[in-house]
Amino acid sequence: LLLPRFKDALFASIARYMLPDDETRISQTEEAARNAHVPLVVAPFIYFHSRERKELADVLTAIRDNLPLSKVQGRILPNNLFTLLPPSVMVRIYHDYPDPLHNSTRIAKQCRFSLTELQYHYPHEVVPEGISSMQHLHHLTWEGARNRYPKAVPPDVTAQLERELNLIEELNYSNYFLTMHDIVRFARSRNILCQGRGSAANSAVCYVLGITSVDPARSNLLFERFISRERNEPPDIDVDFEHERREEVIQYIYQRYGRQRASMVAEFIRYRTKSAIRDVGKALGFSVPQLDRLATMASSYRRDHDNWWERAVVRAGMEPEHPKLLAFQRLVKTVQGFPRHLSIHVGGFVISDLPIHHLVPTEPARMEGRTVIQWDKEDVEDARLLKIDILGLGMLSCLRRSFEILREDKALDLELATVPAEDPATYDMITQGDTLGVFQIESRAQMSMLPRLRPQTFYDLVVEIAIVRPGPIQGKMVHPYLRRRQGLEPVTYPLPELEPVLARTFGVPLFQEQVMQLAMVAAGFTPGEADALRRAMGTWRSNGKLEGLLSLLKKRMQDRGIRPKYADQVANQIKGFGEYGFPESHAASFALLAYASAWVKRHHPDAFAAALLNSQPMGFYSPATIVEDARRHGVKVRPMSIQHSHWESSLESRAETTEPPTDLKPLRIGFSLLRSAKREAMEVVLKERRNNGPFTGLDNLIRRTHLERHLLLKLALAGALADFGLERRQALWEVLRRWTTADSLFFGQRTSKQPPSADPMPPLQLVMADLDATRTYQAFHPFELVKEQVEGRKGYVNSLQIQETRNGRWVATAGLVIVKQRPPTARGVTFLTLEDHLGLINVVVSAVQMERHRQTLLEEALLWVEGKVETVNELVNLQATRIRGITLTENATRIQHRSYR
């Protein structure tokens, strides 16, 4: 069967592994090859590149088969000769088979391949018949320019567009921009909010084509930084779409170009600490509870201590010097960074004019309706294939919902490009760190930086987003930037030639593009070397190429007269960019989303809170915290109601009250926050209510909607049946008494048993019911359960009082932990955000205190914290010195129920 197809290219392989059956197996192969007139070739199976890897290969075999080593003895390799051997050894082993050995050498010499042999062509569908791609791009560009600037296209924009179009034509990238425009056009036709970012996204052409909403005049980015004759790199545009609707865009691409011409890029998921401990430990026969505890402890200690393994092993109740534990440690450290499995890249797409399998290997993905290329994004870049990133972003879903709410409830028509720019009130809110829920600047680290950097312009916001990143922090660039910005130290440049590169950031490199330019100007890197540095940044942990390039960079910088300390800072910053690189172009796109979300929060906190709740899950904060923040901003929050709630949380008309007038509308919690509620079931309720009027009681609700019992119980637990005059416990009973248990012969039949007399739910049960049913606090905040315990204690201050406490004073406070962060650049420091019934409290836990209170911080939700107040630029932190857990009790008496309908 094989000979007619392969002819002279067919060989029979032989191999010696020093096993008892080697000669028998070789003789059988030799006889079969002789009878078929097929030549022999020496071709042993290679499982590892050196003999020392045999132990690791056995463990990986056990991991692959999901069995401990003791049960895979028949599947592991019998010795360590299944490896690469030097030619001299091969000659000794196969001295009696010179011809097969010669065939091996001959075949090896023929196995030559260059990526330049791949001839890629852009898809043709994006160009109408009868005109060239460049003509079509010109037409769309000037049409888009007239739409963006309806009065007149400014002269500087016209000049910028002409310059960019000339460069695009020169480098033959018109089809790329047309392809991106086509995808974005589809999304906008379906009302899917999107925003482009990446190397070329912040160009004038992308702005007028609608690929991005960042006006290049506002961001001051140079197109030539991203598409240049010297680098001759393909453009790079990532487009973020609403995270809930990204699949619509993906399926459009497949339908437009076909599964054979559009495929997603693969990604190698690699072993990290926890996964390595669990997989290797399971192969070595450790129990799952042991491994869970060890993995948790190891992950906790690894950032803080060089001897993290020994500490974690002791804390997990094991003996570090036991031979089995020593082997375990050795294997875990070896396997870290290894590919664990092949996955689909989060959004990388390759689109080709020819079937992609003509260029690269493809396969159907496990996810239905997907095709995946077996190469990762680095391979695809090397082959110079058109790759676009179709990404999902929760904030885009939130902003689209915000704009819809503003349009429907407040007659305000906005989109990303038309949000009022440079609003002082918005920047005042940002400066105060009041950014819970705002895109990118809602983390503790960002909130801490905002009062220090005090953004007042869009470019300040670009810097803010980029500065709280591993790159600038590890490179120790943050404090010099802040001091120079505040005029506390002079602006200097290591070389005069670097002033154009670093002038806008006061001589301090903050962005990835600046580091690349710095390498070219200060170290004399060629464009090719700078590009190699950029690629190495993203993979430095796995391929080790970065260290050599950094050594070269530091040497050349020092040869140019730059101080070694500064060269080391730049090198450390580049490593930080490898952890999470952030180019200026990305920061500009993200800054627009940050500004837009901040503007909506500042001027319409009711609409913003509703949109956030309807876009979950996303961001740092839970629905409960979002609701509490909305209340603190003056929004009246109405609980879930079977008569008034919709699927999504919504704004309602204000009731006639004696309260002061306000532009804010009450926020009604929607059914989407009801745990385990399916939209299809709740749509039945909404349709019935809409068509036939309100429900008159529980029986009427059941008869008209036929809701399942578990859903009715959740509605009762959430207090959504209070419209029928039923307190929660009473509502639960009324639902239950209409059905017997599932084990009963009469399941589904009504029962006439009367409910017992029962008091309303006590406060603790109400809080737990709210969390269990809706993930929010509708009745009252959990902290109110312990308020009586803490208010009388010495030194106690609440979240409002701590803001007025003088710097350096010792106080105590308490609250519910809502955020816990320990950034890798913080040297073991843990940042907590506590929430009481009045607001938020920032707590800083040093590495020493973290070690002392580790167990409490890992296990307790309500904390009592003592420490010293530290105020910097109006930001108040509590430096913790003592931390204890607080136990909830049923005895809280001074609680005012805040739910109202």
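## Cavities, cores and strands

The largest cavity is lined by Leu436, Lys601, Pro605, Phe608, Ala609, Leu612, Ile626, Asp629, Ala630 and His633, where a cavity is a set of points on a 1 Å grid over the protein atoms alone at which a 1.4 Å probe fits but cannot get out, and lining residues have an atom within 4 Å of a point. The model is a predicted one, in which local features need pLDDT of at least 70 and side-chain atom pairs count only at pLDDT 80 or more, while totals for chains, interfaces and linings use all residues. Residues are numbered from 1 along each chain as its sequence is written, and side-chain values use heavy atoms, with hydrogens and water left out.

The structure holds 2 cavities of 30 Å³ or more, a volume being the space filled by probe spheres set on the grid points, which are joined across faces, edges and corners. The table gives their volumes and the classes of their lining residues, with Ala, Val, Leu, Ile, Met, Phe, Trp, Tyr, Cys and Pro counted as nonpolar, Asp, Glu, Lys and Arg as charged, and the others, Gly among them, as polar.

| Cavity | Volume | Lining residues by class |
|---|---|---|
| Largest | about 60 Å³ | 7 nonpolar, 1 polar, 2 charged |

Helices α30 (605-614) and α31 (623-632) each supply at least two residues of the lining of the largest cavity, and α30 gives the most, with 4 residues; helices here are DSSP runs of H or I with at least four residues, strands are runs of E with at least two, and both are numbered from the N terminus. The lining of the second largest cavity includes Leu436, Leu612, Gln616, Phe620 and Ile626.

The largest nonpolar core has 147 residues, and those with the most contacts inside it are Met557 and Leu721; such a core is a set of buried Ala, Val, Leu, Ile, Met, Phe, Trp, Tyr and Cys residues joined through side-chain atoms within 4.5 Å, buried meaning under 20% relative accessible area with a 1.4 Å probe and protein chains only. Helix α29 (residues 584-603) gives the most to this core, with 12 residues. A second, separate core of 59 residues includes Met180, Cys194, Tyr252 and Val265.

Strand β5 (residues 262-270) pairs with strand β6 (residues 339-351) in the antiparallel sense over 8 bridges, pairing requiring that DSSP finds at least two bridges between two strands. Ser263 has Val350 in β6 as its bridge partner.

How values were computed:
1 Å grid on protein atoms, 1.4 Å probe; cavity = no way out; pocket = protein on both sides within 12 Å on 5 of 7 lines; lining within 4 Å. Buried < 20%, exposed > 50% of the residue type's maximum accessible area, 1.4 Å probe, protein only.
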